Each structure stands twice: as C-alpha cells, then as structure tokens.
Amino acid sequence: MQLIIAGYDDLDNVVELVNQAYRGASSQGWTTEADLIEGPRVDREALVHNIETGPTTILLAREQTSDEIQGCVAVRPTENAEWYLSMLAVSPVSQTAGLGKSIMAAAETFVVERGARSLKISVIDARDTLINWYERRGYQRTGEIEPFPYDDPSVGVPLRDDLTLVTLRKHLRG
Ligand SMILES: CC(C)(COP(=O)(O)OP(=O)(O)OC[C@H]1O[C@@H](n2cnc3c(N)ncnc32)[C@H](O)[C@@H]1OP(=O)(O)O)[C@@H](O)C(=O)NCCC(=O)NCCS
C-alpha cells in the first residue's frame with residue numbers, strides 16, 4: 001500500500017473521515033468511540049497546529065480510481081528514535097477489508113525509513129477489542145497508564161468518568 005502525505009487541501013476531508021470513523025454511529029464501523037465520547041474527535045485548526053508544531057505527518061490511503069480518502073493515520077517523532085502514531089481511521093464503509101492493517105504496515109515502513117526504531121500508541125483502556133487488534137499487530141502494553149484529558153474540551157465530551165489511556169509499543173527493528 002502506498003500512503004500519500006496529506007496537504008492542507010486534504011484537511012477538511014480528513015476531519016470528516018476521522019470524526020465519522022471515531023465518533024459516528026456505533027453501528028457503522030466495528031469499533032468506534034461513539035459510546036464513550038461525544039462530539040468531534042478533531043477539527044481543522046487542531047490538524048494545522050499538529051502539522052506545524054508536532055511536527056506531525058498525516059498519511060492518507062486514497063481510492064485508486066477516485067480522489068476519495070479511505071483511511072488515514074498520523075505519525076510524529078518523539079525521542080530516542082521513537083515515533084508516536086495516532087488518528088488511525090478507516091472509513092466505516094471500507095472497514096474489515098484489511099485496510100486498517102495495510103495502513104499500519106505502511107505507516108511502520110514510513111517511520112522506519114525516517115529512522116524510527118519503535119512506534120508508540122495510546123488507546124482508551126475501555127476499548128478492549130481495539131487493544132486486542134493492536135496486540136495482534138505486534139503492539140505490547142508498556143504498563144504506562146495516562147489520565148484521560150478530561151480538562152481538554154477539544155477532545156470531545158466524555159460520557160464516562162473512569163476513562164484512562166493505556167500505552168502500547170512495537171519495536172520495529174534492531
Ligand atoms: C481500527 C480501524 C482503523 C481498523 O480498520 P479496518 O480496516 O476495519 O481493519 P482491518 O480490516 O485491517 O482488520 C479488521 C480486524 O477486525 C476484526 N474484526 C472485525 N469485526 C470485528 C468485531 N465485530 N469485533 C472484533 N473484531 C472484529 C477482524 O477479525 C480483523 O482483525 P484480524 O485480522 O486481526 O483478525 C477502524 O476500525 C477504525 O477506523 N475505527 C475507528 C477509529 C479508531 O478507533 N481508531 C483507532 C484509535 S486508537
């Protein structure tokens with residue numbers, strides 16, 4: 001799979017895709033946050049901020065025969081040759097066909113080519129099914145648990161008061 005680096009012109013479509021995948025009706029995709037958090041997951045302003053200060057790269061999977069974006073993921077370097085992956089999303093209508101796995105594999109190749117030795121992700125602890133999916137892709141719990149950012153209105157409106165974030169890491173080489 002070939003991922004394309006998103007440009008500013010793509011951001012409105014990325015916002016739509018991510019919010020639909022993460023927070024759309026639970027019946028649409030096989031795993032969403034809709035039962036845990038209400039409201040948008042991202043907006044254009046946040047994406048521009050992440051691109052310009054992260055520095056975050058947003059990678060897109062496009063339909064071959066059209067310009068439509070089927071999936072996306074964001075990556076940014078942190079420290080000690082570790083990169084952080086977030087915003088993995090596949091359009092609900094395209095899910096369960098292997099696209100999520102392909103995007104993860106291509107994102108891993110992208111960061112390895114830029115010097116990454118490991119990739120880290122944060123997942124809401126209540127999303128067992130999704131954590132299992134990452135574990136089947138080789139990600140392992142680090143034991144770190146971070147508080148959910150209840151004081152940050154930009155992440156949406158949590159519907160529970162007991163959410164935390166678990167960290168998973170995959171060693172990519174060496
Ligand atoms: C997570 C996500 C990117 C996966 O994309 P996808 O294209 O559906 O994934 P794939 O087709 O590659 O893999 C489907 C997997 O789901 C599993 N699956 C399908 N339906 C399932 C169900 N009802 N319950 C549990 N697992 C299910 C399949 O067994 C397969 O896993 P396996 O190959 O390890 O057996 C996509 O569901 C998504 O965008 N979710 C909303 C956004 C989100 O939560 N992102 C991650 C935040 S950290």
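A residue counts as buried when its relative accessible area is under 20%. By that cut-off, 45% of the 174 residues of the protein chain are buried. Please keep in mind that this is a predicted model.

**The chain as a whole**

The protein chain has 4 helices and 9 strands. Read from the N terminus, the elements follow the order β-α-β-α-β-β-β-α-β-α-β-β-β. The radius of gyration is 15 Å, close to the 16 Å that the globule rule gives for 174 residues, so the chain is as compact as a globular protein of that length. Along the principal axes, its C-alpha atoms fill a box of roughly 40 × 40 × 35 Å.

Among contacts in the protein chain with a separation of 6 or more, 65% join residues 24 or more positions apart. The chain exposes about 9,300 Å², and carbon and sulfur atoms supply 45% of that area.

**Around the ligand**

Which residues are closest to the ligand? The shell holds 21 residues, and the closest are W30, G98, K101, R127 and R136. By class, this shell has 11 nonpolar, 6 polar and 4 charged residues.

| Residue | Polar atom of the protein | Distance to a ligand oxygen atom |
|---|---|---|
| G98 | backbone | 2.7 Å |
| W133 | side chain | 3.2 Å |
| R137 | side chain | 2.9 Å |

On its own, the ligand has 970 Å² of accessible area, and the protein covers 78% of it. Helix 1, strand 5 (82–90), helix 3 (99–112) and helix 4 (128–136) are the elements that give two or more residues to the shell. Helix 4 provides the largest share, with 5 residues.

Most residues other than glycine have a negative phi. In this chain, M87 has a positive phi of about 55° although it is not a glycine, and T96 likewise has a positive phi, of about 65°. Are these two residues buried or exposed? M87, in strand 5, counts as buried because its relative accessibility is 5%. T96 belongs to the loop between strand 5 and helix 3, and its relative accessibility of 67% is why T96 counts as exposed.

**D10 and its partner**

D10 lies in the loop between strand 1 (4–5) and helix 1 (11–23). Its relative accessibility is 12%, so D10 counts as buried. With which side chain does the side chain of D10 make a polar contact? The partner is the side chain of R62, at 2.8 Å. Leaving out residues up to four places away in sequence, D10 touches I5, L60, R62 and I69.

**P158, further along the chain**

P158 is part of strand 8 (residues 157–158). With a relative accessible area of 23%, P158 is partly exposed. Apart from neighbours within four places in sequence, P158 is in contact with L36, I37, F148, Y150 and L163. Another residue to look for here is G39: the C-alpha atoms of P158 and G39 are separated by 8.8 Å, although the two residues are 119 residues apart along the chain.

Methods. Residues numbered from 1 in each chain as written. Predicted model: local features only at pLDDT ≥ 70, side-chain atom pairs only at ≥ 80, totals over all residues. Heavy atoms only, no water. Buried < 20%, exposed > 50% of the residue type's maximum accessible area, 1.4 Å probe, protein only. Polar contact = N/O pair within 3.5 Å; in protein donor to acceptor, adjacent residues only side chain to side chain. Contact = heavy atoms within 4.5 Å. Near = heavy atom within 4 Å. Areas by Shrake-Rupley, 256 points an atom, 1.4 Å probe, with all protein chains shown as cover. Nonpolar A, V, L, I, M, F, W, Y, C, P; charged D, E, K, R; others polar. Rg over C-alpha atoms; globule rule 2.2 N^0.38 Å.
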